[in-house]
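Good morning, and thank you for making time for this presentation. Please look at the structure as it comes up, and I shall then take you through selected parts of it.

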Amino acid sequence: MFLSMSFRLRVEVEALNMVEAMGAYSRHRTVSLLKPRSDGKGYRLVIAPAVSGQAIAYGYMKSLVELAQKRNLPVCDQCKSYEDKGGFIKHGTDKSGDLEELVKNCVVEDVTGFMVAQAKIRRTSPIQFSYMVPDIDASDVAIDPQFHVRGAKPGENPQPFQVESGTAVYMLGVSLDIDKIGVVPGGDGKPKVVVNNRIERVKAAIQAIANLLEGLSFGAKKARYLPIYDVIGAVTAVSHPVQFMVSPARVTKNDNYIARTIARASNYTKLFKDVNEVIKIFYMDKEGVISESNVKAEGVEVEKVGDVAELTSKVVEFVVKMLGGGRA
Ligand SMILES: [Zn+2]
């Protein structure tokens, strides 16, 4: 079973991912994006503010440590003390190790992957994050240098400095390979379940996505740059047995991510009819980009939700039902 999600975030005046540390000028991270030309012929490159997938993943791991401990799921000492250690080391400096033991002993390492170079063991992260990038089809973006002055000590001159802040409607993609949670490759090449609390781990992994977004657990500089922030839309698909990715949460003049995902999912289930492909779609739409009469599609169940919390609880409910029913 595979979970794919794309979110639309309206974010004003954020400095969530700065490239330089202390200095007179803190630049915002930027990326190059393609914007369709207004004459309909090709694309042009636009430089836009962004937040790295690594920054998002770090916030997610923080959320997962908290939630796993509240659920009495195992978290190793290194992950528990990530603040003291300055990050998630995940046994990366160990001389030896056992993949199965590491997965058993820590939900963070199970869900977010790791590498112990000297022991030659690695785990690909079941959870994946995109960069958070602006939807430049739907709105403009801004990167504004903000002037600040550092309070001077007596006898010194005030120190001016600047911080670039970003404003945009951002898109964020998240996917979770549910089949991999609590599972390692077995000796016979088949996946091997090595934990006895798989469903609880899956729940925590999905709920941590909600905490990441609704609890704003990601990003830096929030003491003075707490973003003006709202999740304004999302589309989510749970697929089984063949992996399906939702369309990026983009809105254009003639198309939107929800309609596009539903249409693609419908064709996809037809393509994989012979293996009984199931796709369940949930969406939230605070912008009114889609009318409810347009959400029906052959072979795909579609359900509307009000916010991220409802989205998450419906996804968890559906996933647990599939896991419990032995269908996935
Ligand atoms: Zn750990």
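At what angle do α1 and α6 pack, and how far apart are their axes? Before I answer, a word on the source: this is a predicted model, in which local features need pLDDT of at least 70 and side-chain atom pairs count only at pLDDT 80 or more, while totals for chains, interfaces and linings use all residues. Residues are numbered from 1 along each chain as its sequence is written, and side-chain values use heavy atoms, with hydrogens and water left out.

To the answer, then. The angle between α1 and α6 is about 120°, and their axes are 8 Å apart. Axes here are lines fitted to C-alpha atoms, for helices over the stretch in contact, and angles run from 0 to 180 degrees between N-to-C directions. Helices are DSSP runs (H or I, at least four residues), as are strands (E, at least two), numbered from the N terminus. The angle makes α1 oblique to α6; angles under 35 degrees count as roughly parallel, over 145 as roughly antiparallel, 65 to 115 as roughly perpendicular and the rest as oblique. On the α1 side, the contact (heavy atoms within 4.5 Å) is made by Ile56, Gly59, Tyr60, Ser63, Leu64 and Leu67. On the α6 side, the residues include Ala204, Ala208, Asn211 and Leu212. By class, this contact of α1 with α6 has nine nonpolar, four polar and no charged residues. In this scheme Ala, Val, Leu, Ile, Met, Phe, Trp, Tyr, Cys and Pro count as nonpolar, Asp, Glu, Lys and Arg as charged, and the others, Gly among them, as polar.

Let us look at one residue of α1. Ser63 is in helix α1, residues 53-70, and is buried, with a relative accessible area of 2%. Buried means under 20% relative accessible area, exposed over 50%, and partly exposed in between, with a 1.4 Å probe and protein chains only. Its side chain makes a polar contact with the side chain of Asn211 at 2.6 Å. A polar contact is a pair of N or O atoms within 3.5 Å; within protein, one must be able to donate a hydrogen and the other to accept it, and residues adjacent in sequence count only if both atoms are side-chain atoms.

The side chain of Ser217 makes a polar contact with that of Ser63 at 2.8 Å. Ser217 lies in the loop between α6 and α7 and is buried, at 11% relative accessible area. Its C-alpha atom is separated by 7.0 Å from that of Tyr60, although the two are 157 residues apart along the chain.

Next, the other partner of α6. The axes of α6 (residues 198-214) and α9 (residues 308-324) come within 10 Å and cross at roughly 165°. That makes α6 roughly antiparallel to α9. The contact residues divide into 11 nonpolar, two polar and three charged.

Finally, is Lys90 buried or exposed? Lys90 counts as buried, at 10% relative accessibility. Its place is in the loop between α3 and α4, and its side chain reaches the backbone oxygen of Gly113 at 2.8 Å. By contrast, Pro191 in strand β12 is exposed, with a relative accessible area of 66%.
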